[in-house]
Amino acid sequence: MWREFVRGPYRSLWSEQDYGGCGVWQCCGSPFEAREFLDAVIHGMSRRRARELRFLVDRLDHSY
C-alpha cells in the first residue's frame, strides 16, 4: 500500500479527512498506517532481512 501510494499520481491530493473509505485499516487502508506497520515489521525481522527491507522502504520514503 505504501509503494502504491508513493508512486501514485494523486498522492499529494490524499487527505485522511477527505478520504471516503470505511475507516477500517484492513479493508480500505491508510498509506500512513501502512508505513507505520512497515516499521513494526522491520523491527521484528532478523538484522539482515530488516536491512534489505529498510533499504526498499527508505527509497520509497525518499521519493515521497
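**Salt bridges in the predicted model**

Glu52 has a relative accessible area of 36% and counts as partly exposed, a class that lies between buried (under 20% relative accessible area) and exposed (over 50%), with a 1.4 Å probe and protein chains only. The structure is a predicted model, in which local features need pLDDT of at least 70 and side-chain atom pairs count only at pLDDT 80 or more, while totals for chains, interfaces and linings use all residues. Residues are numbered from 1 along each chain as its sequence is written, and side-chain values use heavy atoms, with hydrogens and water left out.

Glu52 takes part in a salt bridge with Arg49, with 3.1 Å between the closest N and O atoms. A salt bridge is defined as a side-chain nitrogen of Lys or Arg within 4 Å of a carboxyl oxygen of Asp or Glu. Arg49 is also partly exposed, at 41% relative accessible area. Both residues belong to helix 3, and because they are three residues apart, about one helical turn separates them. Helices are DSSP runs (H or I, at least four residues), numbered from the N terminus.

In total, six salt bridges are found in the structure. A network of salt bridges links Arg35, Asp39, Arg54, Asp58 and Asp61.

Arg35 is buried, with a relative accessibility of 12%, whereas Asp39 is partly exposed at 26%.

Asp39 also forms a salt bridge with Arg54, where the closest N and O atoms are 3.0 Å apart. This pair links distant parts of the chain, since Arg54 is in helix 3 (residues 47-63) and Asp39 is in helix 2, 15 residues apart. Arg54 is partly exposed, with 24% relative accessibility.

When residues up to four places away in sequence are not counted, Arg35 touches Trp2, Arg54, Val57 and Asp61, contact being defined as heavy atoms within 4.5 Å.

Methods
Helix = DSSP H or I, 4+ residues; strand = E, 2+ residues; numbered from the N terminus.
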